[in-house]
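Here is a quick tour of one protein chain, written for someone who would rather look than calculate. Keep the viewer open while you read.

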Amino acid sequence: MNEPWIVRKKNIKKLWVILILILTLTVLLQILIPIKGHFEVEEWFAFGAWFGFFSCIIMIIFAKILGFFIKRKDDYYEE
């Protein structure tokens, strides 16, 4: 069977390059179009990118810690 276009190796590399270019251009556009934030910290260069990156890291760490406390054994449903 044919693979969908999105999972082919050559297309995955292209998608990564396109994604990185779009994200880089979005951050660099802040040089030309300054952001007027509600708070002063929002006006820092690339604040949205850094805030999103660190928020994601914090969510992953929180999920790992939470999983440690609420996980069940593999044979939980077996009798």
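## Overall shape

The protein chain has a radius of gyration of 20 Å, whereas a compact globule of 79 residues would come in near 12 Å. That radius is taken over C-alpha atoms, and the globule rule is 2.2 Å times the number of residues to the power 0.38. Along its principal axes, the C-alpha trace spans about 65 × 45 × 15 Å.

A word on ground rules: this is a predicted model, where local features need pLDDT of at least 70, side-chain atom pairs count only at pLDDT 80 or more, and totals for chains, interfaces and linings use all residues. Residues are numbered from 1 along each chain as its sequence is written, and side-chain values use heavy atoms, with hydrogens and water left out.

## Helices and surface

The secondary structure of the protein chain comes to two helices and zero strands. These are DSSP runs numbered from the N terminus, with helices being H or I over at least four residues and strands being E over at least two. Helix α1 covers residues 9-32, and helix α2 covers residues 47-70.

Accessible areas come from the Shrake-Rupley method with a 1.4 Å probe; for residues, only the protein chains shown count as cover.

## Around the loop

Take a look at Gln30 in helix α1. Gln30 counts as buried because its relative accessibility is 13%. A polar atom of its side chain lies 3.0 Å from the backbone oxygen of Trp44. For reference, a polar contact is a pair of N or O atoms within 3.5 Å; within protein, one must be able to donate a hydrogen and the other to accept it, and residues adjacent in sequence count only if both atoms are side-chain atoms. Trp44 and Gln30 are 14 residues apart along the chain, with 9.5 Å between their C-alpha atoms.

Trp44 sits in the loop between α1 and α2, and at 52% relative accessibility it counts as exposed. Ala46 is found in the loop between α1 and α2 as well, but Ala46 is buried, with a relative accessible area of 7%. The phi of Ala46 is near 60 degrees, a positive value in a residue other than glycine. Most residues other than glycine have a negative phi.

## Aromatic rings and a nonpolar patch

The structure holds five aromatic pairs. One of them joins Phe68 and Phe69, edge-to-face, at 5.4 Å centre to centre and 75 degrees between the planes. The rule is that rings of Phe, Tyr and Trp (its six-membered ring) pair if their centres lie within 6.5 Å; planes under 30 degrees apart count as stacked, over 60 as edge-to-face and the rest as tilted. Both Phe68 and Phe69 are exposed. Elsewhere, ring pairs link Trp50, Phe53 and Phe54 into a cluster.

Which residues make the nonpolar surface patch of about 1,200 Å²? Among them are Trp50, Phe53, Phe54, Phe68, Phe69 and Ile70. Like charges are joined within 9 Å, and nonpolar side chains (Val, Leu, Ile, Met, Phe, Trp, Tyr) within 5 Å. Ile70 lies in helix α2 and counts as exposed, at 56% relative accessibility.

## Distances along the chain

Ile70 and Phe47 are 23 residues apart in sequence and 34 Å apart in space, C-alpha to C-alpha. In helix α1, Leu15 is partly exposed at a relative accessible area of 32%. Its C-alpha atom is separated by 24 Å from that of Ile60, 45 residues away along the chain.

Methods
Buried means under 20% relative accessible area, exposed over 50%, partly exposed in between (1.4 Å probe, protein chains only). Patches are made of residues with over 30% relative accessible area and no salt bridge: like charges are joined within 9 Å, nonpolar side chains (Val, Leu, Ile, Met, Phe, Trp, Tyr) within 5 Å. A salt bridge is a side-chain nitrogen of Lys or Arg within 4 Å of a carboxyl oxygen of Asp or Glu.
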